[in-house]
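Dear colleague,

Please find below the structure that I am handing over to you.

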Amino acid sequence: MVCLIILIAFYLVGIFGPVIAGMFGISPYTFDPNAISDLGGKPVADFGGITLAHPLGVEWGTGRDILAQLLFGLRISLIIATTATLITVTIGVLIGIIAGYAGGITDTLLGRLMDLILAFPFLLIVLALSPVLIQRLTDLGVPEGNVSRVLYLILVMSVFGWPYLARIVRGQVLSLREREFVEAAVSMGAGRRRILFTEILPNLWAPILVYATLTLPSYIGFEAALSFLGVSVGEPDKTFGKMLADSVTYFNVVPTYLFIPGTVLVILVVSFNLFGDSLRDALDPKGGH
Amino acid sequence: MYYVYYLLKPGYPAELEEPGMNGMDKGWSRVLALGAVAALALSACGGSTATAGPKSGGTVYLLTQADQFDQVDPQRAYTGEDLAFFSATIYRSLEAYTYSPDNPTASKLTPDLATDLGTPTDGAKTWAFTLRDGVTFQDGSSITCADIKYGVSRTFATSIINQGPTYAIAYLDIPSVDGYIKDAAGAAKKSSSSAYGGPYSSTLGLFSDQTLKTAIPNDTAAYDKAVTCSTDGKTITFHLKQAVADFNYTVTLGFSPVPKAADTGESYGVAKPPVASGPYMVQSYATGKGGKMILVRNPKWSQASDSYHHPYPDQWEVDFGIDAKVIDQRLIQSTGNDQFALQYGGMQPENLATVFTSPTAVNPQFAGRANSSYDIYDRYLWINVVKVPNLQIRQAMAVALDRSALRKNAGGDFYGDYADGSIKPNIGADYAPTGMWTTLLGQAIPDTGDPAYAKTLITKSGVAAPTLTYNYPDTPVNGKAAAIVQASLQLAGFTVKLAPLPSGTYYSTVFDPTKAGEFGMGGWGPDWPNASTVIPPLFTQEGGWDLSQVDDAAFNTEVKAAQVETDRAKQSTLWQALNVETMKNVWVIPTFFPLAQGMMGSKLATGTGPTGGLYRWGPYGSNPYGDMLVKP
């Protein structure tokens, strides 16, 4: 319950980020030259420049507000992770159900497809081909800049994420297929589509929901990792991963640059995970799998 | 030299990295040699350890962020730091610069392979250099005029030996030929090149007509006439197209000897160690993270044949692929082998406050080990004048730019001073204030920029504020700087799109007008202390580093007049006037004259530095590699 409240709070903050930043009078795009010193660009106040005007400090060298960057970055991270989760779930469920129910050649082929995708050296592809593929997206008509980058991240995570859910769903469907109510529906002459969507799917919601709430935080963490490795939105926008990547440079001198976004990220991911766990406990009284 | 960006990549083109050319000082090198011998002799006679002279021995480690040297080929190396390192270790050339912490002294030439500073005749259109006795390659074979002639000829094979200095092509008296080449679409395009195309092919890469069937033959006879050897092989004579009063400076760049038998063209120096003529030779070279280049003493080099080099360390080890922040940390801690380490690039901004108490004062804890002073580079934003042809729009861009925020982002006071042109004060007589930020733009412009005035300039221009794409090498600091550029120009009404490019291919991309944006980051350092190596490269098509794509015929004529002027004082006034003209036209927005900070380990010292401390070597704005020694 507590986690649910925290999560809802995060989403609200994500949606209303700019408004909240306006209320504080901060912005991730305005530079504050007075908050940083002339000798090297270091923030004047302690702990990375924490003052009343800048509650969580300022960025080294530019004076941009950290809290504002977190608010705006949270929004981008949530957009990417939520969209990717939705797409993953949709594709994963569809293919899982089809593979599980159809059996035979279809199942075999789809299973091999899943194996192929799972075996792909995902990280290498993403890192090595990102400039090329983003350029392809732009050529296809997606607006240049952050839109194509965000779309690229979403697509990449969805394309490589659905096999996990598909396998789980397929397993569930295989066991459900043999149940009496399905046999009854078949003997009554129900069409395949009716069976899939009216008989089997409703029984899958529990594991799907649990999986979704566990996947979302992994996508947030994943996006942070990719941003850290350089595949991210461009300046002047920032995401958690980019802030963490930049903080490494200054770790010896200003450790709060690492701890503040890191703590927020940890709270977000842990909340999702705990929520997913409690959801699983609630929906699966026999103890999950 | 261009400015390299992973910090600053040296090179004359910036990896984004001394005045007083007093003609020839023949007696200078002999004085230096005598002085060095005397000092060593005196120090050898017992006495106090405090004044003990430089002792031989030890290994010096060079910590580098890059995965490899840009180029190891003597005709292709153009990175300032690399040139300084190679000239101190493996490659000798006819002339070299002096090791001294005093800039004007350091900028004086010292003969290396030559016996003196060269003999100009025919109004400086012909230059002759006589080789010293006893100079050999690492295999013991003598270095002759033919080896230097062969080395210089490689520069002409521009399709293979590229990215290096091209002064030989610009200055030697070899005609050009016109012809056709195949363009990207496969059609015939008019082009021209030198009639000599290098020692590898019997034809030029140029075709005689539009059918692209007959290649124009390589005119080796023309080269043989331009560079001649005396019958005893000890005097080399260069015949130039025009008078070049400072040609003896030119021969420090890309004029090292290469034995023809050992030349492997494109892979020279990479597949196998290059043939060394200096006091060290390459034992091994492995690139990438964890890679090293190890230099050991060249057994065939003798001090008797060399009054220039005084190689104290027994061995040099260049360590590649180390993260820049880690290099700083290792040198600050200075334990183990890091006590004998030197950093190839500069220090990272976040560590400056630890080591320096002010831009000119070192924290006493690091006394003698760190140095902050002007390097040779300037920084600017080039504006593609073909894509932004309207002068008032370019002026508005310069006016709107918040240079103060850029400076703070780059390190504030540690970073350097505001620039007012592409010629830096430490070049010497060629510099004079241009008045760029006081009068040239119509009124005084504050360091933070003046968006209101920029808006009026845009209105005056008669065209709408265009959308501009800004190129920069993709590093975190440059990214923040780009955000500052974008924000400050947008206040004036411009729309700025950011287009970062990978650092390694930055320059090759922005030289392509189809791929470059409207403006972007640039940096340059003079190849020697004469603005003839700044203005022509940056602002003429022939010069080779014209990122602004300027091609103004009247300006080119004025540049030519300055290049052939043999009266040095008069030449300085001409360069100053040309500098002002480039600023009036806002072909580039001058941003900064940077300071560079460097550090070395606690057990290293220099031979001539103040109390043996680290200094920045004026000619290349580099470490004083030839002056390094391990403390006894």
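This is a predicted model: local features need pLDDT of at least 70, side-chain atom pairs count only at pLDDT 80 or more; totals for chains, interfaces and linings use all residues.

Chain B contains 18 helices and 26 strands. Its radius of gyration is 24 Å, close to the 26 Å that the globule rule gives for 632 residues, so chain B is as compact as a globular protein of that length. The C-alpha trace of chain B spans about 75 × 65 × 45 Å along its principal axes, and 55% of the 632 residues of the chain count as buried.

Within chain B, four strands form an open sheet in the order E4-E5-E11-E10, with antiparallel pairing. Strands E4 (119-121) and E10 (227-229) are the edges, each pairing on one side only. From one strand to the next, the twist averages 20°. Three bridges join E4(B) to strand E5 (residues 126-130) of chain B in the antiparallel sense; B:Thr119 has B:Ala128 in E5(B) as its bridge partner. Helix H4 (residues 145-154) of chain B lies across E10 and strand E11 (235-239), running at about 165° to E10(B).

B:Ser302 sits in the loop between strand E13 (292-297) and strand E14 (315-319) of chain B. This residue counts as exposed because it has 12 C-beta neighbours inside 10 Å.

As to the interface, 20 residues of chain A are in contact with 23 residues of chain B. The chain A side comprises nine nonpolar, seven polar and four charged residues.

Yours sincerely

Key:
Residues are numbered from 1 along each chain as its sequence is written. Chains are lettered from A and ligands numbered from 1 in the order in which they are written. Two residues are in contact if their C-beta atoms, placed from the backbone, lie within 7 Å. Ala, Val, Leu, Ile, Met, Phe, Trp, Tyr, Cys and Pro count as nonpolar, Asp, Glu, Lys and Arg as charged, and the others, Gly among them, as polar. Helices (H or I, at least four residues) and strands (E, at least two) are DSSP runs, numbered from the N terminus. The radius of gyration is taken over C-alpha atoms; the globule rule is 2.2 Å times the number of residues to the power 0.38. A residue is buried if 20 or more other C-beta atoms lie within 10 Å of its own, exposed if 12 or fewer, and partly exposed in between; C-beta atoms are placed from the backbone. Two strands pair if DSSP finds at least two bridges between them. Axes are lines fitted to C-alpha atoms, for helices over the stretch in contact, and angles run from 0 to 180 degrees between N-to-C directions.
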